[in-house]
Amino acid sequence: MEDKINEIIARMEKLLPEAQTAAQVSNITASALGPNGDLTAIMKTIPTLEPKQRPLVGKLINKAKQAIESLAQAAYARIEQARKAEALGERPDITLPSPEVARGTIHPLTQTIRRICDTFKKAGFTVAEATEIDTEWHCFDALNTPADHPARDAQDTLFFPAGLKVENVSKHADELYLLRSHTSTVQIRAMLKEGAPIKIVAPGRAFRRDTVDATHSANFHQLECLCIDKGVRLTDLKAILAYLFKDLFGESAKIRLRPSFFPFTEPSFEVDFMTENLGRLSNRWIEIMGCGLVDPNVLKNVGLDPNEWSGYAFGLGVERVAMLMHSIDDIRHFYANDLRFLRQFAK
Ligand code: PHE
């Protein structure tokens with residue numbers, strides 16, 4: 001009896017480690033433990049044995065059962081592991097087309113900023129930036145804007161509460177901080193840092209206490225341009241403006257300057273442009289931005305000698321340019337995050 005049981009175990013020890021599939025494992029195991037298995041057959045003979053022998057044989061059978069079951073478990077585990085290893089070992093086919101990935105698109109304002117910066121880069125300008133939180137000095141005093149100028153009024157500019165300290169923004173003690181109301185602050189910061197000659201464009205956010213409507217937003221974007229060198233004249237300003245509008249709106253674009261006033265430029269102008277291919281706005285003058293020759297007082301405020309240096313500056317509304325370029329009728333579209341609007345600018 002014992003030999004028979006050991007034979008069965010030996011058979012299992014040989015066959016189960018060789019099994020290739022789970023079905024084979026289950027068949028081999030059943031040939032011992034199943035209803036017609038040989039160990040089951042031995043188990044069925046127990047009642048015919050002498051009462052003394054029965055518990056001994058019963059023990060042997062139980063041990064054999066356990067041994068066979070653990071051999072079967074090991075075989076199942078081995079087969080499963082091999083299957084996984086094979087699946088993992090498969091190399092991806094890199095010649096297959098990649099799955100569709102939903103890619104974001106660049107916001108139309110960012111596209112416009114990049115477009116204008118590219119135009120200026122071709123003309124030798126570099127791109128500069130400065131903080132959106134700035135001091136009253138950088139935003140107004142240094143830009144020759146007198147204390148009683150309406151732009152400095154709390155009705156127009158967003159000031160922080162007095163006494164607020166902002167690291168790295170100001171060197172002047174006891175200053176008032178504000179959200180810059182124009183990007184002209186970058187003129188001051190760039191000249192203080194780099195001196196002259198300098199040729200920069202500075203795109204960025206500006207903030208005003210405006211009531212939001214189709215053409216006004218309390219948070220908008222400007223692109224400042226500053227060029228300081230020896231002997232820069234009004235004709236240089238006109239040339240860069242003519243170049244800019246031709247590059248943005250086509251060869252038919254023309255510009256004209258109308259006298260205006262800004263505290264930081266002298267003389268100052270409003271720029272109008274006209275072009276042939278702007279839908280219902282074609283062939284009429286469109287007011288677009290302010291410009292001028294940098295006021296000698298501004299140069300003095302940043303430590304440059306106005307007898308040695310001169311230059312021009314202008315500030316362009318990015319939303320306004322984007323609205324004209326794409327016939328957009330409401331500035332609020334830019335900030336509403338409506339995908340039906342934004343997807344129209346997907347490239
Ligand atoms: N800073 C002016 C504005 O916000 C624009 C401007 C910039 C005008 C530079 C002249 C020179 O309206």
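Visitor: What should I know before reading the values?

Guide: The model is predicted, so local features need pLDDT of at least 70 and side-chain atom pairs count only at pLDDT 80 or more, while totals for chains, interfaces and linings use all residues. Residues are numbered from 1 along each chain as its sequence is written, and side-chain values use heavy atoms, with hydrogens and water left out.

Visitor: What is the volume of the largest pocket, and which residues lie nearest its centre?

Guide: Rolling a probe the size of a water molecule over the atoms shows where empty space is left. On a 1 Å grid over the protein atoms alone, a pocket is an open set of points where a 1.4 Å probe fits, with protein on both sides within 12 Å along at least five of seven lines; a cavity is a set from which the probe cannot get out, and lining residues have an atom within 4 Å of a point. Grid points are joined across faces, edges and corners, and the volume is the space filled by probe spheres set on the points. Here the largest pocket has a volume of about 1300 Å³. Its lining has 50 residues, and Arg208, Phe220, Gln222, Ile288 and Gly317 are the ones nearest the centre.

Visitor: Which elements give two or more residues to the lining of the largest pocket?

Guide: Helices (H or I, at least four residues) and strands (E, at least two) are DSSP runs, numbered from the N terminus. For the largest pocket, the elements are α6 (136-141), β5 (219-229), β7 (265-274), β8 (286-294), β9 (310-317) and α10 (318-326). By residue class, the lining of the largest pocket has 21 nonpolar, 18 polar and 11 charged residues. In this count Ala, Val, Leu, Ile, Met, Phe, Trp, Tyr, Cys and Pro are nonpolar, Asp, Glu, Lys and Arg are charged, and the others, Gly among them, are polar.

Visitor: How many residues line the second largest pocket?

Guide: The second largest pocket is lined by 14 residues, with Ile106, Gln111, Phe345, Ala346 and Lys347 nearest its centre. About 320 Å³ of space lies in this pocket. Helix α5 (108-122) and helix α10 each supply at least two lining residues, and α5 gives the most, with five. The lining of the second largest pocket divides into five nonpolar, five polar and four charged residues.

Visitor: How many aromatic pairs are found in the whole structure?

Guide: A pair of aromatic rings is described by the distance of the centres and the angle of the planes. Rings of Phe, Tyr and Trp (its six-membered ring) pair if their centres lie within 6.5 Å; planes under 30 degrees apart count as stacked, over 60 as edge-to-face and the rest as tilted. The search finds 10 aromatic pairs. One of them is stacked because the rings of Phe245 and Phe249 have centres 6.3 Å apart and planes at 10°. Both residues lie in helix α8 (residues 234-249), four residues apart, which is about one turn of the helix. Phe245 and Phe249 are both buried (under 20% relative accessible area, with exposed over 50% and partly exposed in between, for a 1.4 Å probe and protein chains only). Elsewhere, Phe120, Phe125, Tyr312 and Phe314 form one aromatic cluster.

Visitor: Which charged residues sit over a ring?

Guide: A charge sits over a ring if NZ of Lys or CZ of Arg is within 6 Å of the ring centre and within 35 degrees of the ring normal. Lys199 lies over the face of Phe125, 4.9 Å from the ring centre. The charged end of Lys230 is over the ring of Trp309, at 5.0 Å from its centre.

Visitor: Is His138 buried or exposed?

Guide: His138 has a relative accessible area of 4%, so it is buried. Helix α6 holds His138. Its side chain makes a polar contact of 3.2 Å with the side chain of Asp134, and another of 3.5 Å joins the side chains of His138 and Arg189. A polar contact is a pair of N or O atoms within 3.5 Å; within protein, one must be able to donate a hydrogen and the other to accept it, and residues adjacent in sequence count only if both atoms are side-chain atoms.

Visitor: Where are the cis peptide bonds and the positive phi values?

Guide: Most residues other than glycine have a negative phi, and most peptide bonds are trans. The bond from Ala196 to Pro197 is cis, with omega near 0°, and Pro197 is in the loop between α7 (185-194) and β4 (198-207). Another cis bond joins Glu266 and Pro267, and Pro267 is in strand β7. Phi is near 55° in Asn283, which is found in the loop between β7 and β8. Phi of Asn337 is also near 55°, and at 59% relative accessibility Asn337 counts as exposed.
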